Amino acid sequence: MNQIIQFFIRTRDFFLFLVLFAVSLGFVFSSNYYSQSAYINSANAISGNLYAFSNYWSSYFHLRTENEALTEENKALRSRLLQLENKLKNLPLPDSLSVVQTDKVKYKIFKANVIKNSYRLHKNYLTIDRGSNDGVRQDMGVLSPRGVVGIVEHTSGRFATVQSVLNSKSALNAMIKRTEHFGSLRWNTQQPNVVQLLEVPNIAPIQMGDTIVTGGMSNIFPKGIPIGKIVHYERSKFDNTYIIDVLLFTDMTNLNYVYIIEDIDREAIKELEKQDAQ
């Protein structure tokens, strides 16, 4: 302790100089507008450059994620294109009495940005920046570049809410792609990346890794839209069905934009079904 005191006594002139220097700088900046302005501008320039640097790298890594999503989407579209080409090759040539309609468009696609997304609740929703002014209506299907996201529930002029697949009320028609056994896709509210496929009969020869796709039994989603893959299954204790865990292809915790899909024939089909119900 005595050595420390002796050190400060020996160097008291130096510390006194530092104190007086700091005080003098304070007087200069407080009384001189130009010096004060130069200091503030320099500080703003430094902080601005730091923020710009940070934002640049943040955007760069975000761009990598977007590029990966677009790459996966292009791969899926190319695969579907090849499948369609093979089907067309196997179709018989039409004779003079048949008519093949090739210009019929069954589905219409809208792109929308996700402005709000919940995934931690039991009933999760998304809000998107497209609404009735853009042609978005209730019960339209919503997709990501990798697969199913949910169904439009409510719309206003410029916005719409989407019932996520991570919603305890959600029930989608789905099937095992390899075997074409159907079931109902629901969520047990446990994990934000795993949903359950129920009501599949336990005689179905399912396997780990089997792909789950939309079943096409409604006019919301066309048949064959990817949903996820089987990561676990077990027999139900209550009936002769499986309880199947499906790992979603879509990362529901990281959605920046989605696609809304409209069945052009939806209203005509609904009117026809109303007549049958009467």
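Trainee: Why is arginine 130 called partly exposed?

Mentor: Its relative accessible area is 29%. Buried means under 20%, exposed over 50%, and partly exposed in between (1.4 Å probe, protein chains only). The value 29% falls in between, so arginine 130 is partly exposed.

Trainee: What kind of model is this, and how are residues numbered?

Mentor: This is a predicted model, with residues numbered from 1 along each chain as its sequence is written. Local features need pLDDT of at least 70 and side-chain atom pairs count only at pLDDT 80 or more, while totals for chains, interfaces and linings use all residues; side-chain values use heavy atoms, with hydrogens and water left out.

Trainee: How confident is the predictor in the chain?

Mentor: The mean pLDDT (the predictor's confidence in each residue, from 0 to 100) is 79, and 65% of the residues score at least 70. Helices (H or I, at least four residues) and strands (E, at least two) are DSSP runs, numbered from the N terminus.

Trainee: What makes arginine 130 and aspartate 134 a salt bridge?

Mentor: The definition asks for a side-chain nitrogen of Lys or Arg within 4 Å of a carboxyl oxygen of Asp or Glu. Here the N to O distance is 4.0 Å. Aspartate 134, at 30%, is partly exposed.

Trainee: Which parts does the pair of arginine 137 and glutamate 262 tie together?

Mentor: Their side chains meet at 3.0 Å, N to O, in a salt bridge. Arginine 137 lies in the loop between β2 (123-128) and β3 (141-143), and glutamate 262 in strand β12, so the pair links parts 125 residues apart in sequence.

Trainee: Is glutamate 262 buried or exposed?

Mentor: Buried: its relative accessible area is 10%. Arginine 137 is at 33%, so it counts as partly exposed.

Trainee: How do you know whether valine 200 is buried or exposed?

Mentor: Its relative accessible area is 0%, so valine 200 is buried. Valine 200 is in strand β8 (residues 194-201). Its contacts (heavy atoms within 4.5 Å) include Ile176, Phe182 and Ile244.

Trainee: Which residues have the most contacts inside the largest nonpolar core?

Mentor: Leu197 and Ile244, in a core of 44 residues. Such a core is a set of buried Ala, Val, Leu, Ile, Met, Phe, Trp, Tyr and Cys residues joined through side-chain atoms within 4.5 Å. Leucine 197 touches Ile244, Ile176 and Val246, among others.

How values were computed:
Lists of a residue's contacts leave out its neighbours within four places in sequence.
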